[in-house]
Amino acid sequence: MKNKVIYLAILAAGFASCEPEFENEVTNGSYSAGDADFSSYVAIGNSLTSGYMDGTVSRIGQTYSFPNILAQQFAIVGGGAFTQPSYAEDVNNLGGISGIPGFPTRLIIDAQAGGPEPISGASTVTLTPQATAFNNMGVPGAKTFHLLAPGYGNPGGLATNPPTANPYYVRMATSATATVLGDAMTKNPTFFTNWIGNNDVLGYATNGGSGSTSGMGGADITPTPVFQNAYNTIINTLTANGAKGVVATIPNVTDIPFFTTVPYNPLTASVIGLGNEANGVALINQLNAQLVGPVKQVLTALGQGDRIQLLSTTEGNPLLIKDETLTNLAPQLTGALTLAGVPALQAGAIGAIFGQARHARPTDLVLLTTRGVIGTAPSSPLAVDPLNKYGITYPLEDQHILIPSEITEVSNATTTFNNIIKDAAEAKGLGVVDMNAIMNQLVSGLRVQDGTIYTADYFSTATLSTVMFSLDGVHPNARGYALIANEVIKVINSQYNAKLPFVSAGNYPGATVLLQN
Amino acid sequence: MMALTATSAFAGGYRVSLQGQKQLGMGHTGVAVTNSAEVLFFNPAGAVFLKDKFNVSVGANALFARTKFQNETYNWKASTENTGTPFSLYASYKALDWLAVGLAVYTPYGSAVEWDQDWVGSHLVNNIDLQAIYVQPIASIKLSEKFSIGGGPIYVTGGVEFNRNLTRSLTDVEGPEGKRSDVTLDAQNVTAWGWSAGMMFNPVDRVRIGLNYRSEITMEARDGDAKFADVPAFAQGIYSNTRFNADLPLPAELTAGISVQLSDKWLVAFDYNRTFWNVYKSLTVDFASPAIATSVNPRNYKDASTFRIGTQFKPNDKFSFRAGWYYDESPVRPGYFAPETPRNDSMGFTGGLTYMINSNFGVDVSFLYLHFDEVNASYDHYTEDGNQNVSFGGKYKNVVFSPGVGLSYSF
């Protein structure tokens, strides 16, 4: 009997030891915060910090903000609660903002129409002030100096011209005179991420360089001293109580799909013929004979023949654009055409329209939003048939295109601002996530740990599972924000001797595709 | 009978080495052992050397396979526990002094792995249940007192059910309520034919040498059901239920071995198995619907060996005691370690005994414990949007054990 008990005991022990065990089980104890303290993590920034994607902030989209993804990793090593502005009222996850113009619902792909369009339905996101400081203080649209601007959350500032308030911050601000940074500091951050500065160059670029290269308006490049003062003030304030953190640089904005998706030469015969190639060929031949040919002849005589090319019936033709850096040859064109027998009224119109026009080149960047403008009728009274097709017979405007000189302005400002950011970080011993370098890698393909290669390309049906930019062409989608969170984690791990787990970007969703909108 | 399933555990891949209680006790050696009707599986040539005219052995195992997975980079943890009941039935009849005939029914291939639905590796597999039952009539012919041959055709009936998610991120609706889109491939009552043949040579008394070959059998699933679930509306036009074809090879196996009757009480046996897994190049699923691209999943298995040693101690007519050990190479190459068969090299420790109730009727029990080292492994050939080499991996640790019981009768 005693023997039986012993055998049974041995058998029981044998079965129990049949539970697989690792030498080093992964537990929360496998990770550490290192020198960092995540008990109060505050994220400062713009749309890229808020979780903005597909042209808006929506209830579900916001849950994929990179700070929210980070906070879930921080929680493993003692990170505290992480709050974001409430979007509970966005019941149907449409995004947008109701009651004010210019804040449409989120972009989706309509499988029947093919292209991106705002999801149908009316936004239920209101401007009701929540009067709360949140851990995520990302405010879409904010430029560096806006974070220090009292009244940026004052509802009254929305109606002024130009507006002095931001509807996203209106929803958040603790008072009408609060500042974004001030609200953030009430959370007593022990750790912060600061990714601000994109809009200080991006606004100029997304407006086709139509703004000032040194101004405070939405379409301007922020003056360097203003940027420098604001940025250093933000960093000094955030670190005043010993908080650690990471900052991120400004990516080269002209590498984002917003500028790289629409080619400079999309005008095939089929496009010109509105889908009918034969019509297109006929129209091209007619245009070459009656408009492009004569104009090019005059320009050639003036030594500017390379401005305009005869249209090809077999290849994609470049867009016709206005280049404000060119000498305006309107009088010469009108004069020459009149001499050649073109009626005065028509010669005058052609001269005015083609005075600073040229065909686009590979070095020009066509804005994503310009795609919808090509072929439409300009509002100018001069735009009469056949001179009424934007990009084909009527030059696209300054705000539709970034030309090389404007790209250089953006690039120079980005470099200047990034140097300010890196200097500020170095002075305080902060980690730097070099989003500029990461963006450059994405252009050629960024290979992540699991072997997936991500690119800076715009959505296509062939890349449903790997595209990381959202449909607005500027902001990442959930997958892209997961990628960014990983880049931040890399920097935290090395800068603060922390050991945080990464997230798997491949498991995060991409664009919303609907059978019908 | 199809409810009886085997669990992937042995000889890597989806080979399940549990084809007889007595021989399992001896490290699953047996190509040169003529203990019982189990020899019909191990080497049909041996049947004619069985002492009794009529021999029957039936048995089954309760198989417990546990796998744990973790990945420290992503803080991933998962585990799966699976059970199976592989079984065998052997009967031989010595019709003439030089001829024995028999019937063998056994389940040498099978796999049942069920991870949590939508776990981190769900783009590779959520669950798989693969079964194959071999039915084999056998003839065993004694050419001389020293030499015999044997073999017979094998009829296989089997089925497979396999579920996995379509991608790493596709869901039916957005947000936390979203369910991942998945596909279930189901093919049952797939049949195929093969054969096995062996020879046995007894150079001297007390020494037997055996050689056995079992042919490759390809299970050709035709017009199986492909059922899609939780597909978002826009993709339902593409991913609608359809049929599929797929081939799954059950590889050939060559076994050579020797047994030595050291004394009246002691028997030792050594077996060497070579399983020709290289035929498993890829799992290719060809859908009937032209809208769905053929799914090619490289496997690239390599031939693998198993080294076995076993002994039997028979102190009296009532009891036999057995012990054995084997080393089992995995056919999986580095970079091809998929969670549907998460097996690395292993060592098997076996034991067993027989109690003879009377001189004809005995009860067999056996026990197997399979030890696996923890392994850091990955499957690096998942394709996503043209990215050919998306990797999924981490640390795997397996534990497998299996008690078994059988009855043997002979006269």
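**Labels and their grounds**

Mentor: Chain A is divided into domain 1 (31-259 + 404-514) and domain 2 (269-359 + 365-402), with bounds that come from an automatic or database domain assignment. This is a predicted model, in which local features need pLDDT of at least 70 and side-chain atom pairs count only at pLDDT 80 or more, while totals for chains, interfaces and linings use all residues. Residues are numbered from 1 along each chain as its sequence is written, and chains are lettered from A and ligands numbered from 1 in the order in which they are written.

Trainee: What makes domain 1 and domain 2 of chain A count as in contact?
Mentor: Two residues are in contact if their C-beta atoms, placed from the backbone, lie within 7 Å. By that test, 14 residues of domain 1 of chain A meet 9 residues of domain 2 of chain A. On the domain 1 side, helices H7 (199-206), H9 (257-260) and H14 (404-428) of chain A each supply at least two residues; helices are DSSP runs of H or I, at least four residues, and strands are runs of E, at least two, numbered from the N terminus.

Trainee: Why is H16(A) called mostly covered?
Mentor: Because a residue is buried if 20 or more other C-beta atoms lie within 10 Å of its own, exposed if 12 or fewer, and partly exposed in between, with C-beta atoms placed from the backbone. In H16(A), 14 of its 18 residues are buried.

Trainee: What makes a set of residues a nonpolar core?
Mentor: Its members are buried Ala, Val, Leu, Ile, Met, Phe, Trp, Tyr and Cys residues joined through C-beta atoms within 7 Å. The largest has 141 residues, and A:Val201 and A:Ala485 touch the most other members. H16(A) gives the most to this core, with 9 residues.

Trainee: How do you know that this core lies between the domains of chain A?
Mentor: Domain 1 and domain 2 of chain A both give residues to this core, so it lies between them.

Trainee: Which residues make up the contact between chains A and B?
Mentor: Chain B gives 32 residues and chain A gives 35 residues. S21(B) supplies the largest share of the chain B side, 10 residues.
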